[in-house]
Amino acid sequence: MNSNLEYNNLLLKKIIENNMSKYLITGVSSGIGKALTKKLISDKQIVWGIARRGQRLKELKEELNNSANFIYTPMDQTEKNCWQSLVNKFKEKNFIPKIIIFNAAISQNDLKNGIEIETLKKMVDVNFLGIMRGINSLIPFAKPGTQFIAISSFSALKGSGIEGIGYAASKAALSIGFESLYQKYKDKGIIFKTIYFGPIGSGMGPFKKIAPFILSEDQAVNCIINSTKSNKAQFFYPKSIFFIFKIIKLLPSNIYFKILSQMESFHLKLKKPLC
Ligand SMILES: NC(=O)c1ccc[n+]([C@@H]2O[C@H](COP(=O)([O-])OP(=O)(O)OC[C@H]3O[C@@H](n4cnc5c(N)ncnc54)[C@H](OP(=O)(O)O)[C@@H]3O)[C@@H](O)[C@H]2O)c1
């Protein structure tokens with residue numbers, strides 16, 4: 001009890017001195033979540049990170065020189081009990097995250113042999129329902145000024161015969177979910193933001209080569225950090241690609257699908273081997 005009190009007082013002192021924020025970030029064991037955590041810790045922010053692979057989290061803590069500003073919990077975000085026990089840990093440590101970034105996701109092709117229903121279900125569970133469960137557990141403790149941020153994708157805007165159904169559909173559901181939550185909570189001072197990314201040259205990025213429209217991991221990290229400083233609800237990176245594609249979507253469907261087919265052929269040329 002005493003050590004908790006000391007820890008809380010120390011944390012409070014550090015927060016005031018260094019203008020720190022408390023972040024909860026999902027999926028910090030690899031890719032963008034890991035790079036974002038490293039950047040925030042180097043900027044003297046406080047990050048509570050989650051992911052399933054405990055060993056990877058332990059290694060990240062070591063990489064961060066065992067910084068007290070990085071706290072982690074190995075958990076699977078699809079499990080409701082895990083969110084509740086995470087909230088209990090927050091209460092114990094008086095940790096009220098101000099910026100919550102739902103970055104964790106999985107991507108698999110569920111259209112290799114017909115529709116692979118179990119794979120599709122898993123993606124919906126991790127990429128959409130798990131996040132909704134997390135919000136349900138966290139929202140009762142959210143104070144005005146709290147930001148909930150969803151990491152969505154260009155894939156949410158279109159169907160694809162080569163990427164499969166589940167990834168795109170779960171990201172579309174997540175984005176719509178966040179629009180609904182934005183509308184519901186905007187007058188209570190709790191903001192729900194969605195960041196849409198085109199392809200990124202790290203993590204689950206679909207391309208084997210770096211093309212001009214592909215963001216680097218560092219660029220993606222900076223985009224997320226900049227989005228936390230803005231009052232807008234939606235962000236598109238790179239903006240030009242989303243703008244052009246939204247116009248293409250308004251074209252007659254035969255033209256739209258012709259362009260989509262060409263995009264898929266281009267995608268196939270640059271694509272990493274199938275998983
Ligand atoms: N890379 C791209 O080109 C791109 C483009 C657009 C959007 N995005 C989005 O950016 C985000 C990060 O992607 P990334 O490329 O960095 O992918 P990544 O390297 O595969 O990272 C995914 C993270 O999610 C965690 N995770 C997966 N399932 C989980 C679960 N059930 N519970 C808790 N954590 C889980 C993984 O950790 P464990 O395996 O240890 O659990 C990992 O840390 C995703 O939302 C993705 O959709 C990526």
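Trainee: What makes Ile32, Leu36 and Leu40 of α2 count as buried?

Mentor: In this predicted model, a residue is called buried if 20 or more other C-beta atoms lie within 10 Å of its own. Ile32, Gly33, Lys34, Ala35, Leu36, Thr37, Leu40 and Ile41 of α2 are buried. These buried residues pack against β1 (22-26), β2, α3 (54-63), β3 (70-74) and α7 (217-228).

Trainee: Which residues of the shell around the ligand are the closest?

Mentor: The shell has 31 residues, and Gly27, Gly31, Arg52, Arg53 and Gly203 are the closest. Two or more residues each come from α2 (31-42), β2 (46-51), α5 (117-138) and β5 (147-153). The most come from α2, which gives three. By type, the shell holds 13 nonpolar, 14 polar and four charged residues.

Trainee: Why is β5 said to pair with β4?

Mentor: Two strands pair if there are at least two bridges between them. Four bridges join β4 (residues 99-102) to β5, and the strands run parallel; the pairing therefore meets the cut-off of at least two bridges. The chain crosses from β4 through α5 to β5 in a right-handed β-α-β crossover.

Trainee: How many bridges join β5 to β6?

Mentor: Seven bridges join β5 to β6 (residues 191-197), again in the parallel sense. Ile151 has Ile195 of β6 as its bridge partner. With helix α6 (residues 166-185), these strands make a right-handed β-α-β unit. Of the seven residues of β5, six are buried.

Trainee: Why is Asn65 called exposed, and why is Asn94 called partly exposed?

Mentor: Asn65 has 8, so Asn65 is exposed. Asn94 has 13, which places Asn94 between the cut-offs of 12 and 20, and therefore Asn94 is partly exposed. Asn65 is in the loop between α3 and β3, and Asn94 is in the loop between α4 (80-92) and β4.

Terms used. Residues are numbered from 1 along each chain as its sequence is written. This is a predicted model: local features need pLDDT of at least 70, side-chain atom pairs count only at pLDDT 80 or more; totals for chains, interfaces and linings use all residues. A residue is near a molecule or strand if its C-beta atom, placed from the backbone, lies within 6 Å of it. Ala, Val, Leu, Ile, Met, Phe, Trp, Tyr, Cys and Pro count as nonpolar, Asp, Glu, Lys and Arg as charged, and the others, Gly among them, as polar. Two residues are in contact if their C-beta atoms, placed from the backbone, lie within 7 Å. A crossover is right-handed if, with the strands pointing away from the viewer, the path from the first strand over the helix to the second runs clockwise.
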